[in-house]
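Please open the structure in a viewer and keep the sequence at hand.

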Amino acid sequence: MAHKSEDRLNTALFHVEGYRKGFDEGMRQGMIDGMKHGASHGAKFSVSFYYGFGITWKWLLQNNTDVKARLKALKSPLGLILKFPHEEPQYENLQEDMEKVRAKFRLVCALLNVPTDFSDYVKSGGYPSEGNWQPSA
């Protein structure tokens, strides 16, 4: 009888150990997959933000005759974004190309006299915290 209870104990320990190892491996693999998924979708989100920013400003400035240099500056980041491989999550040059887009974004913001950090704008419910903020023409 002691033999059967030892077998049950060993079987239970074997199952517990297997469960623990499987759980640990699942957590590790889940973290890896989650990071890849987050990086892929995060890049899509960032690219979409920059694209929306550029298209909006291009539309706002299209009929303004004294902003040709700013419109030209908008073409550069928009061109980079349109070339982005949106459906390729393992894109090798993702970080370098995103940095190029960010640099162009900062340049365009400087030319348009708009802040690169929208946190004050978001906190204020969509109104610039500086009061009478207007983009320079």
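The stops below concern a helix, one of its residues, a pair of rings and a core.

This is a predicted model, in which local features need pLDDT of at least 70 and side-chain atom pairs count only at pLDDT 80 or more, while totals for chains, interfaces and linings use all residues. Residues are numbered from 1 along each chain as its sequence is written, and side-chain values use heavy atoms, with hydrogens and water left out.

**First selection: helix H3**

Select residues 94–112, which form helix H3. Helices are DSSP runs of H or I with at least four residues, numbered from the N terminus. H3 has 19 residues and spans 26 Å from its first C-alpha to its last, close to the expected 27 Å; the expected span is 1.5 Å times one less than the number of residues.

Next, colour the buried residues of H3: Leu94, Asp97, Met98, Val101, Phe105, Val108, Cys109 and Leu112. They cover an arc of only 120° around the axis, and therefore lie on the same side of H3. The arc is taken from the directions from the helix axis to the C-beta atoms. Buried means under 20% relative accessible area, exposed over 50% and partly exposed in between, with a 1.4 Å probe and protein chains only. On the face turned away from the buried side, select the exposed residues Gln95 and Ala110. Asparagine 113 follows H3 and has a positive phi, near 60°.

Is aspartate 97 buried or exposed? Aspartate 97 counts as buried because its relative accessibility is 16%. Apart from neighbours within four places in sequence, aspartate 97 is in contact (heavy atoms within 4.5 Å) with Phe84 and Tyr91.

**Third selection: the rings**

Rings of Phe, Tyr and Trp (its six-membered ring) pair if their centres lie within 6.5 Å; planes under 30 degrees apart count as stacked, over 60 as edge-to-face and the rest as tilted. The count comes to 7 aromatic pairs. In one of them, phenylalanine 53 and tryptophan 57 have ring centres 6.4 Å apart and planes at 55°, so the pair is tilted. Both residues are buried. Ring pairs link Phe49, Tyr50, Phe53, Trp57 and Phe105 into a cluster.

**Final selection: the core**

The largest nonpolar core has 19 residues, and Phe53, Trp57, Leu61 and Leu112 have the most contacts inside it. H3 gives the most to this core, with 7 residues. Such a core is a set of buried Ala, Val, Leu, Ile, Met, Phe, Trp, Tyr and Cys residues joined through side-chain atoms within 4.5 Å.

Notes. Helix = DSSP H or I, 4+ residues; strand = E, 2+ residues; numbered from the N terminus.
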